[in-house]
Amino acid sequence: MFLIFGIGNPGSETYDTRINKHCSNCNNNAKWKVTKTTSYFSLFFINVVPMNSKYYHHCPICNYGFNISRDEFERLKL
């Protein structure tokens, strides 16, 4: 018997915000987005248990951004 397991990142959730911000990377003004990515423990390529989540606030044009807390993510998303 053999067992296939691992840690995967099946996708992310992206939301719009109301904040119009200037990006220092691409010099554009746009409504920035917030994204939540979750890593899962997988068994036989099936996501079983969520391991951890990361939250980002980023420019929609060049994807330049930074990590934010969960509370800030909830406050910013529409």
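## Aromatic rings and strands in a predicted model

Tyr 56 stands opposite Asn 67 in strand 5. That is a handy place to start looking at this predicted model, in which local features need pLDDT of at least 70, side-chain atom pairs count only at pLDDT 80 or more, and totals for chains, interfaces and linings use all residues. Residues are numbered from 1 along each chain as its sequence is written, and side-chain values use heavy atoms, with hydrogens and water left out.

**Strands and hairpins**

Helices (H or I, at least four residues) and strands (E, at least two) are DSSP runs, numbered from the N terminus. Two strands pair if DSSP finds at least two bridges between them. Strand 4 covers residues 46–58 and pairs with strand 3 in the antiparallel sense over eleven bridges. In the hairpin of these strands, with two residues between them, Phe 44 takes a positive phi near 55°. Strand 4 also pairs with strand 5, again antiparallel, over four bridges. Here the hairpin has six residues between the strands, and Asn 63 in the turn has a positive phi of about 65°.

In strand 4, Tyr 55 is the bridge partner of Lys 36, and in strand 5 the bridge partner of Tyr 55 is Ile 68.

**Aromatic pairs**

Rings of Phe, Tyr and Trp (its six-membered ring) pair if their centres lie within 6.5 Å; planes under 30 degrees apart count as stacked, over 60 as edge-to-face and the rest as tilted. By this rule there are three aromatic pairs. Tyr 15 and Phe 73 make an edge-to-face pair, 5.8 Å centre to centre with 65° between the planes. Because Tyr 15 lies in strand 2 (residues 12–22) and Phe 73 in helix 1 (residues 70–76), this pair ties together parts that are 58 residues apart in sequence. Trp 32 and Phe 66 form a tilted pair, 6.2 Å centre to centre with 45° between the planes. This pair also links distant parts of the chain, with Trp 32 in strand 3 (residues 29–43) and Phe 66 in strand 5 (residues 65–68), 34 residues apart. Tyr 15, Tyr 55 and Phe 73 form one aromatic cluster.

How open are the paired rings? Buried means under 20% relative accessible area, exposed over 50%, and partly exposed in between (1.4 Å probe, protein chains only).

| Residue | Relative accessible area | Class |
|---|---|---|
| Tyr 15 | 25% | partly exposed |
| Phe 73 | 1% | buried |
| Trp 32 | 2% | buried |
| Phe 66 | 34% | partly exposed |

A charge sits over a ring if NZ of Lys or CZ of Arg is within 6 Å of the ring centre and within 35 degrees of the ring normal. Lys 21 lies over the face of Trp 32, at 4.6 Å from the ring centre, while Lys 77 lies over the face of Tyr 15 at 4.7 Å.

A nonpolar core is a set of buried Ala, Val, Leu, Ile, Met, Phe, Trp, Tyr and Cys residues joined through side-chain atoms within 4.5 Å. The largest one has five residues: Val 34, Tyr 55, Ile 68, Phe 73 and Leu 76.

His 58 is found in strand 4 and is buried, with a relative accessible area of 11%. The side chains of His 58 and Thr 35 are joined by a polar contact of 2.6 Å (a pair of N or O atoms within 3.5 Å; within protein, one must be able to donate a hydrogen and the other to accept it, and residues adjacent in sequence count only if both atoms are side-chain atoms).
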